[in-house]
Amino acid sequence: MTPRILAINPGSTSTKIAVFAGDEPVFVETIRHDAVELASFGNVMDQEAYRRDLILAALHRHGLAIADLAAVIGRGGLMRPIAGGTYAVNEAMLDDLRSCRFGTHASNLGAILARDLAGEAGIPALIADPVVVDELGPLARYSGHPDISRRSIFHALNHKAVARVAAAELGRPYEDLRLIVAHMGGGVSVGAHDRGRVVDVNNALDGDGPFSPERSGGLPAGAVVGWCFAPGAEEAEIRRRITGRGGFLAYLGTADGLEIDRRVAEGDDKAREVREAMAYQVAKEIGSMAAVLEGRLDAVILTGGLAHDKVLVDLISRRVSFLARVVVHAGEDEMGALARAALRALADPGTILIYPA
């Protein structure tokens, strides 16, 4: 019988779940959480039982039970830096996630819920390629000052998933290839994949690399110091300018790509130039990662929601196609990526990694 996998991806106001039979989705559902209900919890970790019961109810609606599954895999949360791969959920991981010692986010519940549900049936509870995947080379960690080390925080799940898809298309193992993957969504991360490891990547969360619809990317450091010491400056507001209110939103008042497309079509030169500027910065970042890989590339992969924008893709491709073949895999199939990771782990249990204590 084809193994059935439950994938769980908790967000701040919803929980995405999906059951796959092999590569085929049985169902995909987004469970929306009422703001009033969420407000009744002291913190996101207190939502564990609430979300678990909603997942069980959704399975029941689709005529499924935990006993019908071969494994449960959750979206990895904020934990200690680890190498990419599929991990068994263990007590050390649960302790780090429940304590939020590495940060608080709804995704921390992914592994916790996977363990809750899998434990009922005695099946594997897994996570795969969380945002804290860290495979940086030693030179990539240097920032320019010893007080600050460059950190690896990026869209690891989608990076690794599309890299494997592209490798299959090229007819070679991911672990044999040199690739550059540019994920373009609410944030932008561009990574150098050197034979299965992301040896350099911009910090897509809090100020590195290209700007994006909502993030400012790498800003001139001196100017940011000016922000910090301006009259009435507040740390929270400055952080919002960097993450949440930067990029398209700061320049154009909207982060909606379709709205920007409409403005450009109507002759809005500012909207056109801002979109071109983002493409310019993404292409520059791809060029820098090509230098990391010494110019020996098998492909450049463009992915994420913004890769649906043919104009943006063409603008980037025009500048980087001299490096290698450009491959486009638009969107971010998080649920499918999780399910495929679980299937690989079930097929070869020896590849399941252990989270360090």
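This is a predicted model: local features need pLDDT of at least 70, side-chain atom pairs count only at pLDDT 80 or more; totals for chains, interfaces and linings use all residues.
Ala 125 and Ile 127 point one way from S6, and both are buried. Leu 126 and Ala 128 point the other way and are buried too. In a regular strand the side chains alternate between the two faces of the sheet. Two strands pair with S6. Strand S4 (residues 71-75) runs parallel to S6 and is joined to it by 4 bridges. Gly 74 has Ile 127 of S6 as its bridge partner. Strand S5 (residues 86-88) runs antiparallel to S6, with 3 bridges between them. Here Thr 86 stands opposite Ala 128.

The largest nonpolar core has 36 residues. Within this core, Leu 6, Ile 55, Leu 59, Val 72, Met 79 and Met 93 touch the most other members. H4 gives the most, with 7 residues. In soluble globular proteins, nonpolar side chains tend to be buried together. Beyond its neighbours within four places in sequence, Leu 59 is in contact with Leu 6, Val 19, Phe 27, Leu 64 and Ile 66.

A second, separate core holds 32 residues. Its members include Val 190, Ala 192, Val 300 and Ala 307.

Another open sheet contains 5 strands. Its order is S11-S10-S9-S12-S13, again with mixed pairing. Strand S11 (197-201) and strand S13 (326-330) stand at the edges. Each has a single partner strand, so one side of each is left without a neighbour in the sheet. From one strand to the next, the twist averages 25°. Strand S9 (residues 178-184) pairs with S12 in the parallel sense over 5 bridges. In this pairing, Ala 182 stands opposite Leu 302 of S12.

S10 and S11 run antiparallel and are joined by 4 bridges. Asp 194 has Arg 197 of S11 as its bridge partner. The hairpin of S10 and S11 has 2 residues between the strands. In this hairpin, Arg 195 takes a positive phi near 50°.

Leu 302 lies in strand S12 (residues 299-304). Its relative accessibility is 0%, so Leu 302 counts as buried. Leaving out residues up to four places away in sequence, Leu 302 touches Ala 182, Met 184, Ile 286, Ala 307, Val 313, Ile 316, Ser 317, Val 326, Val 327, Val 328, His 329 and Ala 330. Leu 302 and Ile 180 are 122 residues apart along the chain, yet their C-alpha atoms are separated by 8.6 Å.

Helix H10 (residues 269-292) lies across S9, strand S10 (188-194), S11 and S12, and runs at about 20° to S10. Helix H11 (residues 310-320) lies across S9, S12 and S13, and runs at about 160° to S12. H10 and H11 also pack against each other, with their axes 9 Å apart and at an angle of about 40°. The two helices are therefore oblique to each other. H10 passes H11 in a right-handed crossing. On the H10 side, the residues that meet H11 are Arg 275, Glu 276, Met 278, Ala 279, Tyr 280, Val 282, Ala 283 and Ile 286. On the H11 side, they are Val 311, Leu 312, Leu 315, Ile 316, Arg 319 and Val 320. Ile 286 and Ile 316, one from each helix, are also among the residues that Leu 302 touches.

Technical notes
Residues are numbered from 1 along each chain as its sequence is written. Side-chain values use heavy atoms; hydrogens and water are left out. A nonpolar core is a set of buried Ala, Val, Leu, Ile, Met, Phe, Trp, Tyr and Cys residues joined through side-chain atoms within 4.5 Å. Buried means under 20% relative accessible area, exposed over 50%, partly exposed in between (1.4 Å probe, protein chains only). Contact means heavy atoms within 4.5 Å. Two strands pair if DSSP finds at least two bridges between them. Axes are lines fitted to C-alpha atoms, for helices over the stretch in contact, and angles run from 0 to 180 degrees between N-to-C directions. Angles under 35 degrees count as roughly parallel, over 145 as roughly antiparallel, 65 to 115 as roughly perpendicular and the rest as oblique. A crossing is left-handed if the near helix is turned anticlockwise from the far one by less than a right angle, and right-handed if clockwise.
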